[in-house]
2 protein chains.
Amino acid sequence: MAEEVDNVSETPKSNFVLKTPKGTKDYDPRQMAVREHVLKTIVECFKRHGAQTIDTPVMELKETLTGKYGEDSKLIFDLADQGGEQLSLRYDLTVPFARYLAMNKITNMRRYHIAKVYRRDNPAMTRGRFREFYQCDIDMAGQYDPMIPDAECAKIVSEILEDLGLGEYVIKVNHRKILDGILAVCGVPAEKVRSISSAVDKLDKVPWEDVKTEMVKEKGLDPSAADMIGHYVRRSGGKQLVEELLEDEKLCGNATAKQGLEDMVLLLKYCELFGISDKVSFDLSLARGLDYYTGPIFETVLKGYTHDPASQEESVSVGSVSGGGRYDTLVGMFDPNEKPVPCVGVSIGVERIFSIMEMKAFAGSKIRTTETEVYVISAQKDLVEERMKLCALLWGAGIKAEHSYKKNPKPLDQFQYCETMSIPLAVVIGTSEIEQSVVKLRDIKTRKEREVPRENLVTEIRTELATPVD
Amino acid sequence: MAEEVDNVSETPKSNFVLKTPKGTKDYDPRQMAVREHVLKTIVECFKRHGAQTIDTPVMELKETLTGKYGEDSKLIFDLADQGGEQLSLRYDLTVPFARYLAMNKITNMRRYHIAKVYRRDNPAMTRGRFREFYQCDIDMAGQYDPMIPDAECAKIVSEILEDLGLGEYVIKVNHRKILDGILAVCGVPAEKVRSISSAVDKLDKVPWEDVKTEMVKEKGLDPSAADMIGHYVRRSGGKQLVEELLEDEKLCGNATAKQGLEDMVLLLKYCELFGISDKVSFDLSLARGLDYYTGPIFETVLKGYTHDPASQEESVSVGSVSGGGRYDTLVGMFDPNEKPVPCVGVSIGVERIFSIMEMKAFAGSKIRTTETEVYVISAQKDLVEERMKLCALLWGAGIKAEHSYKKNPKPLDQFQYCETMSIPLAVVIGTSEIEQSVVKLRDIKTRKEREVPRENLVTEIRTELATPVD
C-alpha cells in the first residue's frame with residue numbers, strides 16, 4: 001500500500017496531466033453497450049426472485065463504516081474535512097444496507113442494489129480490479145428458517161452465470177462456524193483466529209507449504225496445530241464430506257462446528273433441490289476476510305480464468321466473480337436495542353464479467369452504440385429545414401431518428417454515416433420529393449429505395465422495422 | 001454557506017447518530033419505482049435522438065475541476081489527502097464530458113450521461129435540492145452549422161416534459177453574447193460583467209428595484225447604466241423581440257450582440273420547425289452563472305411550480321427542471337493545442353421531477369415495488385422442499401416467482417402476502433396435489449382456483465399472465 005505522495009498545489013499546474021484518478025477509468029459507448037447488457041441480465045434475475053431495489057448515498061458518515069471491515073478498513077476513501085460531518089465513500093453495499101435497515105427499523109426485506117463502491121486498493125486494471133467499481137448485490141433480511149434464503153443466493157449466482165453464458169464455474173461454500181470450530185479444535189488461540197483464517201483463505205492461490213509457513217513463522221502458530229488445520233482445510237467435496245465430518249468426534253465435540261455442519265447438510269440439500277449440486281463445492285479453505293460474516297460464506301470462480309501464480313496479488317483470485325455470505329449481527333451493530341435482523345446475500349463482481357464479455361463482444365460482430373432507426377438525408381442543398389421537419393414528425397411518432405447537424409452535408413457522407421452506425425433505414429429528400437410530398441425510403445443494407453407518400457411514412461417505417469432483413 | 005464545524009474523533013462516538021450525510025437521502029423501493037419510470041422515459045428520448053452513452057468516474061483530479069465553475073467552485077466536495085492524487089467529486093457531468101473528449105481526442109459525439117453529481121450547497125430537501133443528486137445530460141460535440149444542435153436541445157427538453165406529463169412549462173432561451181453585448185453598450189466595465197450578469201439572473205425571483213439596488217449599491221455600477229440595463233433585460237418574447245432588437249442601432253453597433261441576435265433568429269426559426277415555438281421564450285434576463293457558456297443558454301421552468309418569494313434562496317428557481325447552453329471553449333481548456341470542439345447540451349434536473357412524480361404516484365393507486373408473477377404456497381406443513389422445486393421450475397422458465405422463506409408458513413399469511421404485494425397468481429400445493437402431480441393455480445384478485453397438471457404449469461401460467469384481468 002506504499003503510495004507516492006503528490007504535492008499538488010491549489011492552482012492548476014502547468015504540467016497538468018489529462019487523466020482519470022488512479023484506479024478509475026472512463027467507459028466508452030461500446031463498453032457501455034456491453035455493461036448495459038450484463039446489468040440488464042442481472043436485474044432480470046434479481047426481479048425474477050422477487051427483489052425490490054433501494055438506493056443509498058455514495059458517501060456515508062465515517063462512523064457508519066468504522067469497525068466493519070477488519071484489516072481492509074485502511075482501504076476506505078475519506079472525504080476532506082471541509083467543515084461539518086466526517087464522510088467516507090462506501091466500501092461495499094452491505095454496510096449501507098444494514099444501516100438502512102436499522103435506520104428505518106425494517107426487519108424484513110429482499111433488496112437488490114446496483115451501484116459503485118470505492119476502495120483505495122492497488123489497482124490491477126487489466127484484471128478488472130479498480131478503485132471504483134460496480135457491485136450488484138442481492139440480500140435477504142429477516143428471521144427465516146435455516147438455509148432457505150441462503151440456498152437461493154447460490155441459485156441466483158448460478159442463474160446469472162448461466163444467463164450470461166460465462167462457461168464453467170464453481171460456487172464454493174463454507175461456513176464461518178465450521179472454520180471457527182476447526183481452528184478451535186486445532187488449538188488456535190482466540191486472538192489468532194482471524195489472522196489464521198486469512199492465511200487459510202490463500203489456499204486457492206498458494207501451496208499448503210506456504211500457508212503453513214505463514215501460520216508458523218509469521219503468525220507464531222504451533223507447527224502441530226498448523227498440521228492439524230492442514231488436514232481439514234485442504235479438503236473439498238459435497239454431501240459425503242459433510243457426513244464424514246459429522247462423524248469426526250473431535251470436531252463435532254465443538255458445538256459451533258456441529259451447528260455449522262448441520263447448516264451445511266441443509267444448504268447442500270436445498271442446492272440439490274434447486275438443481276445446482278454439480279456447481280456447488282463445499283470448500284473448507286474458503287474463509288473470506290470480512291469481519292461481519294457469521295454463517296455460510298460463498299465465493300464463485302470461473303473455471304476458464306485461473307489465477308496466475310506469477311503475480312503477487314493477495315486479494316481474491318482473479319477468476320472470482322461473486323462473493324457473499326450470512327451476516328446475522330451487522331444490522332444489530334447499528335441498533336443494539338432492537339431485535340436482531342439476520343441477513344444473507346451475495347454480490348456479483350461485475351467488473352471481471354464486463355472484461356470477459358467485452359473481449360467476447362469486441363471479437364465478434366459490430367456492436368451498435370446507438371439505436372437510431374432512421375437517418376434523414378437531404379440529397380440537395382438548403383434542405384436542412386425540411387430535414388428538421390421530418391425528424392420532428394418521426395420523433396413525434398416515437399421513431400428513433402437523426403439527421404446531419406450540417407446545413408449542407410454531402411450525400412455520400414450521409415449514406416456513409418448510416419453504414420458506419422448500422423442505421424437500418426434512410427429517408428431521402430430532394431426538391432422534387434418535397435414538391436410531390438413524398439420521400440424516398442431506403443434500406444441501407446440492400447440499398448433498395450422506394451417512393452412513399454409523406455402521410456404514409458410513419459406506417460411504412462414501422463412495417464419495415466418490424467420485418468427482419470436477411 | 002456558514003456551516004457548523006463538527007470535531008468528530010477517529011473512534012466511534014458513543015452518541016452515534018444513525019443517519020445519511022447532510023443533504024443526502026436513501027430511496028426506498030416505492031421511490032425507486034418512480035425514479036426508474038422517469039429515467040426510462042428520459043433515456044428513451046435520448047436514444048430517440050441518436051445519442052450514445054458513456055460513464056466517467058465519480059471523482060476527478062481536483063485540477064480538472066479548477067477554474068470551471070466561477071464562484072460556485074467553493075461548493076466542490078474534495079477527497080481527503082490520503083497520499084497520492086488530490087481528488088474531488090464531480091460537480092456536474094459537463095466538465096467530465098469535456099475532459100473525456102479532450103483526453104480521447106474526440107471531436108464529434110452526441111452523448112448522454114445519467115449519473116449523480118455532488119455539491120456542498122445548503123440543502124433544501126423538501127424542494128428537491130440535495131448535496132447528492134442525479135443529472136441527466138445530453139450534449140452534442142462537434143463543428144456544426146449554427147443553432148442546428150442547439151434547437152434540438154430545446155426539442156429534447158420539450159419531448160421529455162411532454163412524455164412525463166408534467167403540465168405547462170416554458171423553455172427560456174437567451175444568448176451569452178446578447179447579454180454581454182447589452183452590458184457592454186450600457187457601459188459595464190469588463191471586470192464587472194460576470195457579477196452584473198449574476199444580478200440580472202435574479203430577475204425571475206426578485207423585482208427589478210432590488211436587482212438595481214444590488215447593481216448600484218453592492219456592485220458600484222453607475223445608476224444610469226443600471227437603468228439602461230433594466231430597459232433591456234426586463235423584456236421577453238419571441239421572434240418579434242429579436243427583430244426589434246436587431247433594429248436597435250446602438251445594440252447592433254456591438255458586434256458581439258449582433259452575432260448573438262443573428263443566432264437567436266435561427267434558433268427561434270428552428271424551434272418553430274420543431275413545433276415548440278409556443279413553449280420557447282426569448283428571455284433577456286436569463287444569465288446562468290457558470291463560466292463556461294459561450295452561446296445560447298437554456299432554462300426550463302414548470303409553470304405550476306412557481307418560486308416562493310418568502311424564501312431567501314439564491315440558486316435556481318424551484319420550478320426550474322432543466323438548464324444548459326453552448327460551451328465552445330471548455331474542451332479547449334484541457335488541450336489548447338488541439339482544434340476547438342464546440343459543444344451544446346442540456347441537463348435535466350430530475351430530482352425536482354422525481355418529487356413531483358412521487359407526489360402524483362403516491363396519491364394514486366398502489367405502486368408495485370416487485371414484479372413477482374407467481375407465489376408458491378404450501379397449504380400443509382413440511383412442504384418447503386416441494387415449494388423450492390416448483391420455484392426452480394418457474395425460474396428456469398423465466399417466470400418471476402417467490403415462496404416463503406419459512407419452513408412452515410401459515411396459509412393465510414401466504415395469501416395475504418400475495419395481496420399486499422399485488423402478486424397476480426399463486427401456485428398452491430398440498431400432499432394430495434403432490435401425489436397426483438398437479439397444482440392449484442389461483443388468481444389472487446378473483447380468488448378462482450383450478451387444478452393444473454405439473455407438466456402444463458408453465459404454459460398455463462404464461463397464458464394467465466398474458467390475459468389481462470378485469
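1. Start with helix α11 of chain A (residues 255-273), where K258(A) and E262(A) sit four residues apart, about one turn of the helix. Their side chains meet in a salt bridge at 3.2 Å, N to O. A salt bridge here is a side-chain nitrogen of Lys or Arg within 4 Å of a carboxyl oxygen of Asp or Glu. Helices (H or I, at least four residues) and strands (E, at least two) are DSSP runs, numbered from the N terminus. K258(A) is partly exposed, with a relative accessible area of 34%. E262(A) is partly exposed too, at 40%. The classes are buried (under 20% relative accessible area), exposed (over 50%) and partly exposed (in between), with a 1.4 Å probe and protein chains only.

2. A word on the basis. This is a predicted model, in which local features need pLDDT of at least 70, side-chain atom pairs count only at pLDDT 80 or more, and totals for chains, interfaces and linings use all residues. Residues are numbered from 1 along each chain as its sequence is written, chains are lettered from A and ligands numbered from 1 in the order in which they are written, and side-chain values use heavy atoms, with hydrogens and water left out.

3. Over all chains, the whole structure holds 74 salt bridges. Between chain A and chain B the count is 14. One of them pairs R99(A) with D26(B) at 2.6 Å, N to O. R99(A) lies in helix α3 (residues 94-103) of chain A and D26(B) in the segment before α1 (29-48) of chain B, so this pair joins two chains. Both residues are buried. Another salt bridge links the side chains of K116(A) and D55(B), also at 2.6 Å, N to O.

4. Salt bridges also form a network. Its members are E36(A), E371(A), K400(A) and K47(B). Side chains of opposite charge can pair when their charged atoms come close.

5. Which residue forms a salt bridge with D139(B)? R111(B) does, with the closest N and O atoms 2.9 Å apart. The pair links distant parts of the chain: D139(B) is in strand β5 (residues 132-141) of chain B, R111(B) in strand β4 (residues 109-118) of chain B, 28 residues apart. D139(B) and R111(B) are both buried.

6. Now the interface. In chain A, 105 residues are in contact with 105 residues of chain B. Contact means heavy atoms within 4.5 Å. The two chains bury about 9,400 Å² between them, 59% of it on carbon and sulfur atoms. Buried area is the accessible area (1.4 Å probe) that two parts lose on being put together, summed over both. E63(A), W395(A) and Y405(A) supply 10% of the area that chain A buries against chain B, more than any other three residues.

7. Polar contacts across the interface deserve a separate note. There are 40 residue pairs in polar contact between chain A and chain B, both at pLDDT 80 or more. A polar contact is a pair of N or O atoms within 3.5 Å; within protein, one must be able to donate a hydrogen and the other to accept it, and residues adjacent in sequence count only if both atoms are side-chain atoms. By class, the side of chain A that touches chain B has 47 nonpolar, 22 polar and 36 charged residues. Ala, Val, Leu, Ile, Met, Phe, Trp, Tyr, Cys and Pro count as nonpolar, Asp, Glu, Lys and Arg as charged, and the others, Gly among them, as polar.

8. On symmetry: a rotation of 180° with 0.0 Å of shift along its axis superposes chain A on chain B, RMSD 0.1 Å. The two copies are thus related as by a two-fold rotation axis. The same surface serves both copies, as 100% of the contact residues of chain A recur in chain B. The superposition is by least squares on the C-alpha atoms of residues with pLDDT of at least 70 in both copies.

9. S404(B) lies in the loop between β13 (401-403) and α15 (411-420) of chain B. S404(B) is buried, with a relative accessible area of 9%. Its side chain reaches the backbone nitrogen of K406(B) at 3.0 Å. Not counting residues up to four places away in sequence, S404(B) touches I148(A), Y375(B), V376(B), R387(B) and P409(B).

10. R387(A) lies in helix α14 (residues 384-396) of chain A. At 0% relative accessibility, R387(A) counts as buried. Beyond its neighbours within four places in sequence, its contacts include H403(A), S404(A) and I429(A).

11. K105(A), not a glycine, has a positive phi near 50° and counts as exposed at 52% relative accessibility. M147(A), also not a glycine, has a positive phi of about 70° and counts as buried at 3%.
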